[in-house]
Amino acid sequence: MVKRVLVSQPRPAVIEKSPFYELMTKHKVDVDFKPLIRVVGVSLKEFRSQRIEILDHTAVIFTSRTTVDSFFKVCEEARITVPETMKYICNTEAVALYLQKYIVYRKRKISFADGTFTSLLELIIKHKSERFLLALSEPHKPELPETLTKLKINYDPVILALTVAADMAEVKPAEYDVMALYSPSDVKSVMDNFKTEELPVIATFGEATLRAALDAGMKVKASAPSPEAPSMAKALDIYISKVERGEEVGDAELHTDEAKEEFIRTQQTKLAKKSRTRSTAK
């Protein structure tokens with residue numbers, strides 16, 4: 001039976017409003033929230049070592065608040081005045097609104113997607129005439145930079161934040177029945193501190209996390225998002241319910257997102273046609 005779960009996220013401010021609260025009450029399980037990593041902004045020296053000139057760009061792509069903080073901190077320390085004409089492309093509205101901490105929010109220069117990869121890509125393509133600065137954390141999913149390169153988007157990647165392991169001294173895997181991991185960095189942090197045979201059942205969020213966990217030899221029995229489990233809480237609910245019914249739970253499998261791959265191929269074709277049309281017109 002599943003009695004105790006570790007979730008590698010900060011504890012919600014109001015636990016009763018968290019999707020994990022229903023999981024806790026429904027299955028009578030204890031859920032401990034413990035971030036296994038922390039993200040810190042790069043120093044000015046680390047930024048300069050990348051030889052990136054911010055003012056050579058006309059737009060910045062942000063996918064996290066940490067990179068927003070780091071971007072403006074670097075600008076301040078380097079005495080760089082970001083021009084009013086700079087545009088900002090964000091993966092979610094929350095990140096876009098967070099920009100208000102540093103600049104006056106204007107729709108004409110701040111655009112945001114709905115949090116999905118395809119939505120962000122469509123937004124970038126809509127502004128494809130810009131020279132983009134892609135703000136990244138290290139490590140990061142290679143998916144976005146690789147796709148921008150495929151689509152021949154004019155961009156430069158820059159590392160603005162670093163992921164480091166949190167203090168794991170108080171974490172004892174043997175005390176848990178499930179560990180829920182949210183990123184490949186979570187997987188790395190766990191593997192740097194424990195042996196695979198010490199670990200309980202693993203639940204993962206995101207394709208990259210699942211891939212990292214499977215490559216590390218972890219026993220993954222639940223994963224999200226999926227059509228039946230759009231959230232980690234739901235994936236855990238399904239897994240725990242099966243265990244309670246005495247069902248045998250198979251290992252999680254990695255599936256290629258065919259819809260996403262087809263979308264990228266379609267965008268490549270469209271952009272190639274437009275490029276040929278412009279060349280013919282000249």
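**Strand pairing and overall architecture**

Strands β7 (residues 132-138) and β8 (residues 155-165) run parallel and are joined by 7 bridges. Within this pair, serine 137 has alanine 161 of β8 as its bridge partner. Two strands are taken to pair if DSSP finds at least two bridges between them. The model is predicted: local features need pLDDT of at least 70, side-chain atom pairs count only at pLDDT 80 or more, and totals for chains, interfaces and linings use all residues. Residues are numbered from 1 along each chain as its sequence is written, and side-chain values use heavy atoms, with hydrogens and water left out.

Both strands belong to an open sheet of 6 strands, ordered β3-β8-β7-β4-β5-β6, with mixed pairing. Its edges are β3 (37-41) and β6 (110-112), each of which pairs on one side only. Neighbouring strands are turned by 25° against each other on average, direction ignored; axes are lines fitted to C-alpha atoms.

The protein chain has 10 helices and 11 strands. These are DSSP runs, numbered from the N terminus: helices are H or I with at least four residues, strands E with at least two. The C-alpha trace spans about 70 × 45 × 35 Å along its principal axes.

Of the 282 residues, 43% are buried (under 20% relative accessible area, 1.4 Å probe, protein chains only). Among contacts (heavy atoms within 4.5 Å) with a separation of 6 or more, 67% link residues 24 or more positions apart. The accessible surface comes to about 15800 Å², and 50% of this belongs to carbon and sulfur atoms (Shrake-Rupley method, 1.4 Å probe).

How values were computed. Buried < 20%, exposed > 50% of the residue type's maximum accessible area, 1.4 Å probe, protein only. Axes fitted to C-alpha atoms, helices over the stretch in contact; angles between N-to-C directions.
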